[in-house]
Amino acid sequence: MDFYYGMAQIVGVHTLLGLSAYIVLLTGQVSLAQAGFFAIGAYAAGMLTVLAGWHLVPALGVGGLAGAVTACAVGFPALRVKGLMLVIATLAFGEGVRIFFFNFDYQIARGDITIGPLGGEGFRQIRFFPENGWTTAEVMFFIWVFVIIVMLVLWWFDRSRYGAVLRAVGEDEVAAQSVGINLTAVKVSSMTIGGAIAGLGGGLYAHYTTHIEHSSFNVLVATFAIAYPIVGGLSNVLGTLLAVIFVQVFLVEGLRFLGDWRNLLFGALIVLAMNLRPHGLLDAQALARVRRLFGKDRGA
Amino acid sequence: MLELQQASRHFGGVRAVDALDLKVGESEIVGLIGPNGSGKSTTVNLVTGLFPPTSGRILYRGQDLAGVPVHRRLGLGIARTFQSIRLFGHLTVWQNLWVAQNSPEDRARKGFFPRWLGGSAGVRGEIGELLEFAGLAHKQDELAANLAFGEQRRLEVARALATRPKLLLLDEPAAGMNAEEVGQLRERILKLRGRGVTILLVEHVMELVMGVTDRIAVLNFGQKIAEGTPAAIQADPVVRRAYLGGEAA
C-alpha cells in the first residue's frame, strides 16, 4: 500500500509544480524558471526544519514566500522579453539557481555529525516526517491538503475577473493594454503566485524525499513543470492534475515493465497525446461533456 | 480635446505620418480618411501610444502624452477599436467586456479584492446595458471567436465603451459590413455623441463618414492634404484627385 501512497505523494507535488507553471502560462508566458523556485522553496523549508528546528507548516510558508519573492524579482526584468527570449532568460535563471545550490555549503555540527546542505553532495537527512513518526499515508494526506487548497484557490481565480484578465493578456497583449490592462502588473503578479506555489511544492518535496540535491531541480524538472499544463490543457486546473497522473502514473510507473523501451515510448506517447488532443487532455469540449454527464450543463 | 502638433512617425525611410496637425474638439466627430497606406491607422496608434511619434507632440486636454504608457492613456479616457479585429477569442462575449472595465471610475468604486477577485454579480447590470447597445445580449455566453464578423465588430466597439472613454478612436469600424449594418453603426455612433463621447473615425466607407462627421481630415502619403466639412471635402478637387478618384467625379 505504501507504494500507492508514495505514488500519490509524487503526483501531489508534481501537480503543484505543474500548477505553478499553469498560472504563468495563462498569461501566455512560457517560464522554465519554475524548477528554480521549486529548489528555493525546497532548500528554504528544509533548512528551517533541519537547522532551525521549525515546525514544517511555518517552514513551508517561508518556502512559498521565498519562491514568491524570487519570482517577483525575476519577473520584472524577465517579463520585458517575450517568447523564445523569455524561455532563454528563465532557463538561465533556473540553471543559475541549480549551480548556486551545487556550490552551496551551510553545515552546522549537531553532536558528532554535521547537517545541512553540502554542495554537490546535496542536502541529506531532512527528517521531519520520520522524526515525528508520520506514516506514509499521513504524509500523503498532508501533501494533498495543500494540493487541494491550491487547486481551489486557482479555480476561484479562474472564475474571477483576475482570471479573465490573465487569459485576456495571454490571448492578445496589444488588445489587453488597449483596454487599460497593465501588462507588467498582470504578468509579474501571475509569476509571483506561480513562484509561491512552486516554493510550497518544493518544501513538500524536500520533506517527503528527505534528500535533495542540485540535480533534483534540473532542466528536466522545469520542462515537466511546463509540460503538465500544456499536455493537460489550460481550460481548467484539473487538466494539469490529469496530465500529472498520465505522465507520472501511466508513463513513468505503468510502463516500467518495458525496461529501456519505456524512455523511447515516453516521448512518443506525449507526442501522440498532443496530436490526439491538441488543446490538452481536458479541453473545452471534454469539459462540456463532463458537465452534461453530471447534469450541470448551464446551456448557452 | 485632442491635438496633434507636427506629429510624425517614420518607419525607416517611410514617412507613415508626416508633420500632421490635427485638432479634435470636445464632443466632435472628426473623420480621418485617405487611401490605403496613407497613415490613418498609424495616427491611431500614435494617439493610443502603441509606438511613440518620431517627432512632434500629441496633446490630450492640454497634457503631453509623450511617455504615457498605453494602459494609462485609457485611464485618461482614450479608447480604441482595431482595424483587424482583436477580441479575446477564447473569452466569452461577457468576459470581453468584463476585463475592459479599467476606467478610473471602476477602479475607485470598489476595493481591490472585490474588483479583482469578486464574482460577476456586481457588474451584471452595467455590462448588460452595453450588450443591449451592441445588440449582443442574446450572445453573452458565446465565445467571442464564434461570433459572426459583424457581431465581432460590434463587440469591439462595446469593449471600447466598457472602458468609459471620453475620446473614442474607431479604426475602420465599418470594414466588411453590409449597407444595413453600416446604417446601424451610424445610429450607434450618433447615440455615442449624445452621451458626450468625442470620436475620431478612421474609415473607408464614405456613406458612413459623410453621414456622421462634423469635420473631415484627408491624409495622403502621411500628409494632411485637406480638412473641412463633409460637403467641402466632397467638392475639393485635390481630394478628388488623390483619393476619391474618377468614380466620385
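Helix axes here are lines fitted to C-alpha atoms over the stretch in contact, and angles run from 0 to 180 degrees between N-to-C directions. All the views below come from a predicted model.

**View 1. Chain A as a whole, with its helices and its strands.** Chain A folds into 13 helices and 2 strands. Its radius of gyration comes out at 19 Å, close to the 19 Å that the globule rule gives for 300 residues, so chain A is as compact as a globular protein of that length. Laid along its principal axes, the C-alpha trace of chain A spans about 70 × 45 × 35 Å.

**View 2. Helices α10 and α11 of chain A, packed against each other.** How do these two helices of chain A, α10 (residues 219–232) and α11 (residues 237–254), pack? They meet at an angle of about 110°, and their axes are 7 Å apart. Angles of 65 to 115 degrees count as roughly perpendicular, and α10(A) and α11(A) are therefore roughly perpendicular to each other. The crossing of this pair, α10(A) and α11(A), is right-handed. On the α10(A) side, the contact is made by Tyr228(A), Pro229(A), Val231(A) and Gly232(A). Facing them from α11(A) are Gly239(A), Thr240(A), Leu242(A), Ala243(A), Val244(A) and Phe246(A). Sort the contact of α10(A) with α11(A) by class and you get 7 nonpolar residues, 3 polar ones and no charged ones.

**View 3. The side of chain A that touches chain B.** The contact between the chains draws on 18 residues from chain A and 25 residues from chain B. On chain A, α7 (161–171) and α8 (173–178) each bring at least two residues to the side that touches chain B. Which element supplies the largest share of that side of chain A? That's α7(A), with 7 residues. By class, the chain A side of the contact splits into 9 nonpolar, 5 polar and 4 charged residues.

View 4. Chain B has 11 helices and 10 strands. A compact globule of 249 residues would have a radius of gyration near 18 Å, and chain B agrees with its 18 Å. The C-alpha trace of chain B spans about 55 × 40 × 35 Å along its principal axes.

View 5. Strand β1 (residues 2–11) of chain B is held to β2(B) by 7 bridges, and the two run antiparallel. Look for Ala7(B), whose bridge partner in β2(B) is Leu20(B).

**View 6. The six-stranded sheet of chain B.** Here 6 strands of chain B form an open sheet in the order β6-β7-β8-β3-β9-β10, with mixed pairing.

**View 7. Strand β9 of chain B, with a partner on each side.** Strand β3 (residues 29–33) of chain B pairs with β9(B) in the parallel sense, over 4 bridges. Across this pair, Val30(B) stands opposite Arg215(B), while Leu32(B) has Ala217(B) as its bridge partner in β9(B). Strand β9 (residues 215–220) of chain B is also joined by 5 bridges to strand β10 (residues 223–228) of chain B, and that pair runs antiparallel. Ala217(B) turns up again here, with Glu227(B) as its bridge partner in β10(B). As you trace these strands, keep in mind that in a regular strand the side chains alternate between the two faces of the sheet.

**View 8. The hairpin turn between β9 and β10 of chain B.** Asn220(B) has Gln223(B) as its bridge partner in β10(B). The hairpin of β9(B) and β10(B) has 2 residues between the strands, and Phe221(B) takes a positive phi near 50° in it.

Definitions and conventions. Residues numbered from 1 in each chain as written. Chains lettered and ligands numbered in written order. Predicted model: local features only at pLDDT ≥ 70, side-chain atom pairs only at ≥ 80, totals over all residues. Parallel < 35°, antiparallel > 145°, perpendicular 65-115°, else oblique. Left-handed = near helix turned anticlockwise from the far one by under 90°. Contact = placed C-beta atoms within 7 Å. Nonpolar A, V, L, I, M, F, W, Y, C, P; charged D, E, K, R; others polar. Pairing = 2+ DSSP bridges. Rg over C-alpha atoms; globule rule 2.2 N^0.38 Å.
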